[in-house]
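Dear colleague,

Please find below the structure that I am handing over to you.

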Amino acid sequence: MPHLSQADKETEGRADIAVCRLAFAVLSYAITFAAPTWADVDGLELTDKTRDAELSHEIGHPTATLLSAFFGLDNNLPLLSRLICRGAPGMDGMPVIFSTEIDHSTLQVSDFQVTTSSGATGEPHCVTLLPATDAGELRTVLLVGEFGTAATDPPVSVEIVSHLHSIDGLLDFRGAQVAVTPLAEGPSLILADIVDPTTPDLGLGQRRTDGDDCPLVGIRQAVRVVWAGGVTLANGDEPGDAARELYRVVVRAVDGTEREITPAALADLGDGDNNHVLCLDAADTAVSVSFPAGVLIDPNDDLNPATSVAVRPTQP
């Protein structure tokens with residue numbers, strides 16, 4: 001056996017840890033999910049079964065757009081991923097984020113077309129909302145399939161090519177498209193909005209996809225932030241109090257003055273998705289959220305860049 005340097009051993013060890021972490025997460029979800037739940041959140045249809053309801057792409061705000069497509073894993077889904085998507089091991093993984101929550105009953109494999117730099121068409125194998133299934137989260141769809149190769153023919157765009165509706169039944173995402181974030185780039189903040197406590201939970205997930213809530217005492221409002229893909233600390237642990245202290249939220253008072261605050265608590269943890277909830281002890285209008293570079297990693301072990309996003313205004 002050839003002798004490995006200390007650097008090689010450390011690199012190999014980090015790769016093993018990354019694969020084991022992802023495999024454990026996949027297994028945890030699979031053990032928890034019952035088959036009827038899979039049917040509710042997964043799209044397996046190879047032909048479009050959603051009727052053309054002649055819906056608009058734009059009714060007020062937001063419009064029916066794609067906000068992000070993140071090339072998260074290249075031929076690296078672990079063996080245990082077969083428990084949530086048959087044939088998934090060794091395939092690519094790509095979270096796609098929509099401008100609004102989607103109607104899960106209109107979600108199908110045939111809705112998505114991935115194009116590579118050579119012009120070839122990638123092949124989605126299955127699509128799922130898991131694990132982002134809490135109330136207000138139904139906007140991230142994980143694509144599993146073969147979407148090109150990062151080194152020689154990477155995916156460059158994702159388009160919705162058949163009818164996929166918003167959760168309120170007002171918008172059709174057909175025709176929406178977005179450029180793909182390359183594999184080597186780390187996860188960024190994509191969206192921030194005010195949490196609506198009246199939003200009903202549709203019960204699409206199970207216990208392991210139910211993130212925790214903000215404390216009941218001392219919290220005046222909450223802001224949901226959506227990352228391009230799932231994130232953990234560099235050691236694989238769930239973000240906690242140390243990560244909370246790194247979030248910065250700009251808030252604006254009634255007189256127009258702005259100040260920067262730190263969330264009083266960090267919630268929606270423990271469910272493995274790409275959402276965090278920032279629990280604020282101030283009632284001033286939340287304007288933007290930022291987070292420093294080099295703290296969180298995606299499943300490919302890429303560190304996040306310095307990232308910020310405007311908080312989307314609450315709709316009347």
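I begin with a stretch to be read with caution: residues 15–39 have a pLDDT that stays under 50, pLDDT being the predictor's confidence in each residue, from 0 to 100. For this stretch the model has 41 contacts beyond four places in sequence, where contact means heavy atoms within 4.5 Å. Over the protein chain pLDDT averages 85, and 78% of the residues score at least 70.

This is a predicted model, in which local features need pLDDT of at least 70 and side-chain atom pairs count only at pLDDT 80 or more, while totals for chains, interfaces and linings use all residues. Residues are numbered from 1 along each chain as its sequence is written, and side-chain values use heavy atoms, with hydrogens and water left out.

**Nonpolar cores**

The largest nonpolar core has 28 residues. By this term I mean a set of buried Ala, Val, Leu, Ile, Met, Phe, Trp, Tyr and Cys residues joined through side-chain atoms within 4.5 Å. Buried stands for under 20% relative accessible area, exposed for over 50%, and partly exposed for values in between (1.4 Å probe, protein chains only). Met94, Phe98, Phe112, Val141, Leu143 and Val158 touch the most other members of this core. Two or more residues each are given to this core by strand 2 (66–70), strand 3 (92–98), strand 4 (112–116), strand 6 (140–146), strand 7 (155–160) and strand 8 (177–181). Strand 3 supplies the largest share, three residues. Helices (H or I, at least four residues) and strands (E, at least two) are DSSP runs, numbered from the N terminus.

Pro155 lies in strand 7 and counts as buried, at 4% relative accessibility. Beyond four places in sequence, the contacts of Pro155 include Phe71, Met94, Thr115, Phe147 and Val180. The C-alpha atoms of Pro155 and Ser118 are separated by 8.8 Å, although these residues are 37 residues apart along the chain.

**Aromatic pairs**

Four aromatic pairs are found in the whole structure. Rings of Phe, Tyr and Trp (its six-membered ring) pair if their centres lie within 6.5 Å; planes under 30 degrees apart count as stacked, over 60 as edge-to-face and the rest as tilted. The rings of Phe98 and Phe112 are edge-to-face, because their centres are 6.2 Å apart and their planes are at 85°. Phe98 lies in strand 3 and Phe112 in strand 4, so this pair ties together parts that are 14 residues apart in sequence. Both Phe98 and Phe112 are buried. The rings of Trp227 and Phe291 are also edge-to-face, with centres 5.6 Å apart and planes at 85°. That pair links strand 10, which holds Trp227, with strand 16 (residues 285–291), which holds Phe291, 64 residues apart. Trp227 and Phe291 are buried as well. Ring pairs also link Phe98, Phe112 and Phe173 into a cluster.

**Salt bridges**

The structure holds eight salt bridges, each a side-chain nitrogen of Lys or Arg within 4 Å of a carboxyl oxygen of Asp or Glu. One of them joins the side chains of Arg224 and Asp193 (3.2 Å, N to O). Since Arg224 lies in strand 10 (residues 221–227) and Asp193 in strand 9 (residues 189–194), the pair ties together parts that are 31 residues apart in sequence.

Arg248 is in strand 12 (residues 248–252) and Glu260 in strand 13 (residues 258–261), so parts that are twelve residues apart in sequence are tied together. Here Arg248 is partly exposed, with a relative accessible area of 29%, and Glu260 counts as exposed, at 52% relative accessibility.

Yours sincerely
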